[in-house]
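Subject: Two-chain model, handed over

Hello,

Here is the structure to look through. My notes on it follow below.

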Amino acid sequence: MSNGTAATKKGHFPWKHVVGFISSIVLTLVALWIAFYSAFSVRTIIVLIFSLAFIQAALQLLMFMHMAESSNGRIQVGHILFSAFVAIVVALGSYWVMEFGIHLEHHM
Amino acid sequence: MRMDNKIDPKELEDFPDEERPLEYQTETGSLNIFGFWMFLGAEIVLFSALFGTYFVLIFRTDSSVLPTELFDMGLVLAMTFTLLTSSFTSGLAINEMRLGNARRMMIWIGITLVLGLGFLGMEIYEFVEFASEGATLATSAFWSAFFLLLGTHGVHVAMGVAWFIIILIQIKMRGLNPVTANKTFIASLYWHFLDVIWIFIFTGVYLLRLVIA
């Protein structure tokens, strides 16, 4: 079979991966700190930790998965963004529609 | 196996700085990767339904075993960093693959596999622990949603492990070529994706439940 390996064999250090990895660790620890050790209100904490989760997800899609590369990159990014939109509508929408049953007194 | 037409590099300028990577060198290969991104979009929506269920049922513990008593953040953090590191090492495997180092690539995939198995081991340990404390799929609506979401993710991880093992065997037999490189790249996309889902499990399942407790 063909052995058409890439010609660019010079020491390619995987900067993107290392940056993605370190920032993922930092974002995880920051989320943990905000959740358990900060003095924010519960609502603020929830908004903050979910924002951090979305930032980390975007980082990994770009740094680890190279979502935007190749000629299909734009379509791939658009597709994932649309999926994320549908996902938010499904998850948050379910919560919103069912909210009357979530905060019953005897469960709080 | 017959190879389909190679893409003329001059035709497309999507990899301007470097030579076109192996996994993108055939038309089928490029389309496989593109198609896999479409599949990942569907997976995102699949998991969003499970997350929605969990959010809705988040207080429905039926006064039985409470998650606040059972959730062990130390274990969860260990799982988080194990899976994150495995995602990183599978990325390094692809980096080596693009440099043409089949051997180093296989070593990184091996490390990824070990970490993946470690993650599965911890998850199984967690589930057994929860079950022994009286929290099972049938205990309450909350635990049903919890085990359904985490279980679906765990099954995905198990499939990823099996997938990587099969790919390692295939590369051992056939070496690195546009077809095997393409398969490896797609498996690594899948593996990264499992870590992306885990970020939301870490935040939306564990942190969220303990914060609102």
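**What was found**

V18(A) sits in helix α1 of chain A. This is a predicted model, and what follows should be read as such. V18(A) counts as partly exposed because 14 other C-beta atoms lie within 10 Å. Between V18(A) and I80(A) there are 62 positions in sequence and 23 Å in space, C-alpha to C-alpha.

**The two chains**

Chain A consists of four helices and zero strands, in the order α-α-α-α from the N terminus. Chain B has six helices and zero strands, and its pattern along the sequence is α-α-α-α-α-α. Along the principal axes, the C-alpha atoms of chain B occupy a box of roughly 65 × 30 × 30 Å.

Chain A has 108 residues, of which 25% count as buried. In chain B, 46% of the 213 residues are buried. If contacts with a separation of 6 or more are taken, residues 24 or more positions apart make up 43% of them in chain A. The corresponding share in chain B is 76%.

**Helices α1 and α2 of chain A**

Helix α1 of chain A covers residues 15–37. Its 23 residues should span 33 Å at 1.5 Å a residue, and the end C-alpha atoms are 32 Å apart, so the two values agree. Helix α2(A) has 22 residues, and the distance from its first C-alpha to its last is 31 Å, close to the expected 32 Å.

Which residues of α1(A) are buried? They are H17(A), G20(A), F21(A), S24(A), T28(A), A31(A), L32(A) and A35(A). An α-helix has 3.6 residues a turn, so residues three or four places apart point the same way. The cover over the buried residues of α1(A) includes α2 (42–63) of chain A, along with α3 (73–99) and α6 (178–211) of chain B.

In α2(A) the buried residues are I45(A), I49(A), L52(A), A53(A), Q56(A), A57(A), Q60(A), L61(A) and M63(A). What covers them includes α1 and α3 of chain A and α3 and α6 of chain B.

**Where the chains meet**

How many residues does each chain bring to the contact? Chain A gives 46 residues and chain B gives 50 residues. On the side of chain A that touches chain B, α1, α2 and α3 (73–97) of chain A each supply at least two residues. The largest share of that side, eleven residues, is from α3(A). Sorted by class, the side of chain A that touches chain B has 27 nonpolar, 18 polar and one charged residues.

The axes of α2(A) and α6(B) are 9 Å apart, at an angle of about 175°. An angle over 145 degrees counts as roughly antiparallel, and α2(A) and α6(B) are therefore roughly antiparallel to each other. From α2(A), the contact uses V42(A), I45(A), I46(A), I49(A), F50(A), A53(A), Q56(A), A57(A), Q60(A) and L61(A). From α6(B), it uses H192(B), D195(B), V196(B), I199(B), F200(B), T203(B), L207(B), L208(B) and V211(B). By class, this contact of α2(A) with α6(B) has 14 nonpolar, four polar and one charged residues.

**The nonpolar core**

The largest nonpolar core has 79 residues. Those with the most contacts inside it are F51(B), Y54(B), F146(B), L149(B), I197(B) and I201(B). Both chains take part: α1, α2 and α3 of chain A each supply at least two residues, as do α1 (27–56), α3, α4 (102–132), α5 (141–174) and α6 of chain B. The largest share, 20 residues, comes from α6(B).

**Two residues with positive phi**

Most residues other than glycine have a negative phi. H66(A), in the loop between α2 and α3 of chain A, has a positive phi near 50°. S70(A) is not a glycine either, and its phi is positive at about 75°; S70(A) lies in the loop between α2 and α3 of chain A.

Are these residues buried or exposed? H66(A) counts as buried because it has 20 C-beta neighbours inside 10 Å, and the cut-off is 20 or more. S70(A) has 21 such neighbours inside 10 Å, so S70(A) counts as buried.

Regards

Conventions. Residues numbered from 1 in each chain as written. Chains lettered and ligands numbered in written order. Predicted model: local features only at pLDDT ≥ 70, side-chain atom pairs only at ≥ 80, totals over all residues. Expected span 1.5 Å × (residues − 1). Buried ≥ 20, exposed ≤ 12 C-beta atoms within 10 Å, placed from the backbone. Contact = placed C-beta atoms within 7 Å. Axes fitted to C-alpha atoms, helices over the stretch in contact; angles between N-to-C directions. Parallel < 35°, antiparallel > 145°, perpendicular 65-115°, else oblique. Nonpolar A, V, L, I, M, F, W, Y, C, P; charged D, E, K, R; others polar. Core = buried A, V, L, I, M, F, W, Y, C linked by C-beta atoms within 7 Å.
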